[in-house]
Amino acid sequence: MKGLFMTQRLGEEVLEIYGSPAALSFDFFNGVEARRQPTSGRRSIRCGIYDAGTSSFKHNCHDLLMTAGNSENMRSLELSKRPTKRTRKDCSRANKILSGSSSEIMDENLWKEFPEDLFEAVIARLPVDAFFRFRSVCQKWNMLLNSPSFSQECAQKKQTQTWFYTVSHSNGSMGSIYDPSSKKWYHPTPRLLPKKRVLPVASAGGLICFLEMGERNLYICNPLTRSYKKLFPMSIGVVSRVSAGMALSNLSTQSGYKILLVFHSGEYGIYDSMNNSWIRPGNLPSACLPLTLNRRSQAVCIDKTLYFLRHNPDGILSYDVENGIWKQFAIPAPHHLTDQIFAVWGSRIMLLGLLTKNAATCICVFELQKMTLLWKEVDRMPNLWCLEVYGKHVRMTSLGNKGVFLLSLRSRQMNWLITYDARTREWVKVPSFMQPEAKRRQLLYATTFEPCLSALP
């Protein structure tokens, strides 16, 4: 027991002299201290001798070079410089930093040695909402959005979040952004776009496509960086009856994107950002006509293929953006289901709608079975909430993507905002998104987008 105590005490002394165990390891049984260094078959070892009789530890020993795997093959080398013992001031300073002393952590002398080239790499990997808080630290960090190297760092980060851009009746076309992970609303001011009456109609890769009401103008905007560009109009059809879809040409907007406009007359056009031009291939195949698309539900994209929900007959209309191929699938809608929208979750296609039968009302979630092309119910709103809306004439506005839905339930007696996460099957009531001047909180239009600081219009 006494020998064990002395060994433990010896270890404490060694740690005090040479620093944390992350920098070294000590073999108490052989009296050898090995510093961790990159090696190629050999390792440098510092030797010390412990005298149990005098309870002393001798540091002035020779360096040894030992071939890995053969402890007998050793030869003596020159004496290396003995590491110096840390002063009490340094030890006290390190202890304060480890204990969380804010004054020491923010010490200018401590952080001035931090490599400048690592700042962008570290900040680019912060959560998006945290980045906007840190922009106020200094002017240099505030200008990071204009840095090409910072954009490249952000582009390497995989986007896994889904945010919502919403427009409500209460504030005209002034948009609000909701982050479901932090359950926070953001209200961009001033307006993202110079026009007052613009509505979000599609999104991809951190960009949102806006349509100017009453005109044929389209705007592509990154709501985080507030950068945007106006697309020249395509002289075709009546813009008030059009559905839009947006797909990336590759994994990011730097490789370009395409926008598909489908007019209910059967004509369609494609915008290619790389060529900055519109293509008018003509009309949809006759088998897809007459065309009645569900304008409540936005198009969704899986592997460069856009999917639209249609009625009369019920089903799905798809367009392969890369190969220019239209397909139609006849899929009967679930009975008594209204206010339908659909979304994607990985390679799955989800359908969500309001199921009303007699006086009972409930939100149901379905998944498309690819073998049978039928909808299968996989979840529904909690029973307690169903009882609260029983007997009320409820209408629903909703949207979703990547398995996350934002739902607006409203009637004369109630006005709810709800998020549903298909991954966790969690239903959550959303806090009010009312702005100071708002009087009502009813969704008019909305779209999902992936927050990305490097996305360029």
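These questions and answers cover a predicted protein model.

Numbering runs from 1 along each chain as its sequence is written. Local features need pLDDT of at least 70, side-chain atom pairs count only at pLDDT 80 or more, totals for chains, interfaces and linings use all residues, and side-chain values use heavy atoms, without hydrogens and water.

User: How many disulfides does a search of the whole structure find?
Analyst: The test is a pair of cysteine sulfur atoms within 2.5 Å. The search over the whole structure gives a count of zero.

User: Is Cys-288 buried or exposed?
Analyst: Buried means under 20% relative accessible area, exposed over 50%, partly exposed in between (1.4 Å probe, protein chains only). Cys-288 has a relative accessible area of 4%. Because that is under 20%, Cys-288 counts as buried.

User: What is the geometry of the aromatic pair of Tyr-268 and Trp-326?
Analyst: Rings of Phe, Tyr and Trp (its six-membered ring) pair if their centres lie within 6.5 Å; planes under 30 degrees apart are stacked, over 60 edge-to-face, the rest tilted. By this rule there are 13 aromatic pairs. Tyr-268 and Trp-326 sit 5.1 Å apart centre to centre, with 80 degrees between the planes, so the pair is edge-to-face.

User: Which residue lies over the face of Trp-416?
Analyst: The rule takes NZ of Lys or CZ of Arg within 6 Å of the ring centre and within 35 degrees of the ring normal. At 3.9 Å from the ring centre of Trp-416, the residue is Lys-429.
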